[in-house]
Amino acid sequence: MAVAIAAARAWGPSRGLGRAALLALRRPGARGLARSHPHRQQQQQFSSLDDKPQFPGASAEFIDKLEFIQPNVISGIPIYRVMDRQGQIINPSEDPHLPQEKVLKFYKSMTLLNTMDRILYESQRQGRISFYMTNYGEEGTHVGSAAALDNMDLVFGQYREAGVLMYRDYPLELFMAQCYGNVSDLGKGRQMPVHYGCKERHFVTISSPLATQIPQAVGAAYAAKRANANRVVICYFGEGAASEGDAHAGFNFAATLECPIIFFCRNNGYAISTPTSEQYRGDGIAARGPGYGIISIRVDGNDVFAVYNATKEARRRAVAENQPFLIEAMTYRIGHHSTSDDSSAYRSVDEVNYWDKQDHPISRLRHYLLSRGWWDDEQEKAWRKQSRKKVMEAFEQAERKLKPNPNLLFSDVYQEMPTQLRKQQESLARHLQTYGEHYPLDHFEK
Amino acid sequence: IFGEDVAFGGVFRCTVGLRDKYGKDRVFNTPLCEQGIVGFGIGIAVTGATAIAEIQFADYIFPAFDQIVNEAAKYRYRSGDLFNCGSLTIRSPWGCVGHGALYHSQSPEAFFAHCPGIKVVIPRSPFQAKGLLLSCIEDKNPCIFFEPKILYRAAVEQVPIEPYNIPLSQAEVIQEGSDVTLVAWGTQVHVIREVASMAKEKLGVSCEVIDLRTIIPWDVDTVCKSVIKTGRLLISHEAPLTGGFASEISSTVQEECFLNLEAPISRVCGYDTPFPHIFEPFYIPDKWKCYDALRKMINY
């Protein structure tokens, strides 16, 4: 008896208790008993008579059989969809039952974007703008997700998310102004086309380096959490960018620091010419989420309702539970990577045509609208004409505007202009006084 | 304030007591990932909140180089001032410590000097450190604050309890003189100050000693004004000679003060090698090397 008592004192109360009772002794973490955080186990009492792993680094059982875990890429994480390829709702309980007005906004945003893309791509071909990137085939990922967010939710993008801005009513004039780098460009003409930004619409200015936005979005989400802002941050990136170290950094920080963020991966099959088979060997990006402790889902990116539903639910929970969510939206990049790319060099026209004709987010939504009686061929014709006219008007205006004053080359490097930089600015001004004829000054504001 | 091991007080005890004082949501550890630490810090700053990101050793700042140079430095410019990360400060232990070798001794300020959009600041003493760090934190531009680690223990000074600011981009003439200008920053300021005494005693030479304090944007006017007076300039830093920040100072001064120079500008720096372990006493630009270079300049 004395021995047993002494033993109990030495080894702790777990001596003689069954496994279930032992589990009850663990302090429940925020996510429940069964998945209590390894850290919290450090406060557990140690008992070597009870042969359980005590390692701080993992919450697991022992196994005495040598077994490697086989990654499952043959049948990966399933792809959530609401509509079939003909725009018919498959499972009525998943129908978001969005009102006509909203669904029409989806449709008009996607098609207006498509129209703008065609015209601006052409304008690059004609030498009017220096560069462009289209969004063909991915409009559903932009609009479905944007529609599920609050207007105040902060957006960090990569470069192929113009539809998010379109949905937030960013005017055509400003899209064009940035591409033309004219006086109306909010970015003051500093960046290549499609590097949009809008403070008012909570869309952080795009930068060219890939995946750099990912840890930044996490930091912003952390700040939003601290501010009790009831705000989510959404971070878009492609499956190629997901290979960058910054992606790994962002995922890990979001999970450990418990940030209200939605990671939205547009898996469109290509990173310029690199197909997914050369980008990763695992089950895409969604399968990485659980590795970080992140709740994840894979959706049909060409199904705007599936994107909407997943983003809506992720948003609700991210804010309520202060944890990250990962959505991998499967889609296809119908266009070339950019105007500097000719994708016929690495993929077949047949492949592209399949997606353009048989599985396009715009067509699928149009079928849905038609079958609901919310749209018809006449409205389609009228809208095509109207949207083209709107785009052409904005385009012509953008063409005519001057570029900003060359002095804007020097400002905003710092909040205040350093002395030495001001001297450089003055030196350019003097240089132009003598050599101005060799510079395109006529196109710039005085 | 966040970074590796910040919560328990930090490997140099810089954050001791802060977590208890300000709470775990304000003082916390991050995973071991410098690119993440800086990227995360940028994101916080983009929302307007103050972010102080610690990089455990300046030697490990390089994974974050892309986030610093391509993102933080360019945030305001590329967005047309729609967005900025001005409320970000990165702090990192810097410089030789006697036994740090390749990866615990580096002075990487030259890499960042080439990057418009950030400020790089290095204090020489506790009093300077507080005033300069507060200025960096309040500055509306992303700042890197390098802290000479050898001074954490070695330097003792009276520091006011209340907050105070020391302006950025202002060099300090800590000792006036007439014959030669000596410029350094961080730990090396103490070396050249001693060299100034040696010069006075052994050579009767009067040295003007300048602590640069801010590497970029640097105080060209103070340095040039001094060289116009003395006609001679010696710059010293631990970082390797080639491409070190002394080359920028030297180049600018010869442009601005060419006709005032009595001798070529002298740079006394680390050798063009990685920072060695056992050979540290031979590697560093100590007072004898500085004294010798000064003597040659005087006799030019």
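Predicted model: local features only at pLDDT ≥ 70, side-chain atom pairs only at ≥ 80, totals over all residues.
1. The packing of helix α3 of chain A, residues 100-125, against helix α4 of chain A, residues 139-147, has an angle of about 140° with the axes 10 Å apart. Angles over 145 degrees would count as roughly antiparallel, and α3(A) and α4(A) are therefore oblique to each other. The crossing of these two helices, α3(A) and α4(A), is right-handed.

2. On the α3(A) side, the residues that meet α4(A) are K102(A), F106(A), S109(A), M110(A), L113(A) and N114(A), while α4(A) brings E139(A), G140(A), H142(A), V143(A) and A147(A). Sorted by class, the residues in this contact of α3(A) with α4(A) comprise five nonpolar, four polar and two charged.

3. Helix α3(A) also packs against helix α13 of chain A, residues 377-400, where the axes come within 10 Å and cross at roughly 45°. Roughly parallel is kept for angles under 35 degrees, and α3(A) and α13(A) are therefore oblique to each other. The crossing in which α3(A) passes α13(A) is right-handed.

4. Taken by class, the contact of α3(A) with α13(A) holds nine nonpolar, four polar and four charged residues.

5. Turning to the two chains, the contact involves 44 residues from chain B and 43 residues from chain A. The size of an interface is often given as the accessible area lost when the parts come together. Between chain B and chain A the buried area is about 3500 Å², and carbon and sulfur atoms give 61% of that area.

6. How many salt bridges does the rule find across the interface of chain B and chain A? The rule finds three across this interface of chain B and chain A. Among the salt bridges of the model is that of D25(B) with R226(A), for which the closest N and O atoms are 2.9 Å apart.

7. Two backbone details may be worth a look by eye. The peptide bond that leads from I216(B) to P217(B) is cis, with omega near -15°, and P217(B) is placed in the loop between β10 (214-216) and α9 (220-230) of chain B. In chain A, K188(A) is not a glycine, although its phi is positive at about 60°, and K188(A) lies in the loop that runs between α6 (172-180) and α7 (213-226) of chain A.

Technical notes
Residues numbered from 1 in each chain as written. Chains lettered and ligands numbered in written order. Heavy atoms only, no water. Axes fitted to C-alpha atoms, helices over the stretch in contact; angles between N-to-C directions. Helix = DSSP H or I, 4+ residues; strand = E, 2+ residues; numbered from the N terminus. Parallel < 35°, antiparallel > 145°, perpendicular 65-115°, else oblique. Left-handed = near helix turned anticlockwise from the far one by under 90°. Contact = heavy atoms within 4.5 Å. Nonpolar A, V, L, I, M, F, W, Y, C, P; charged D, E, K, R; others polar. Buried area = accessible area lost by both parts, 1.4 Å probe. Salt bridge = Lys/Arg side-chain N within 4 Å of Asp/Glu carboxyl O.
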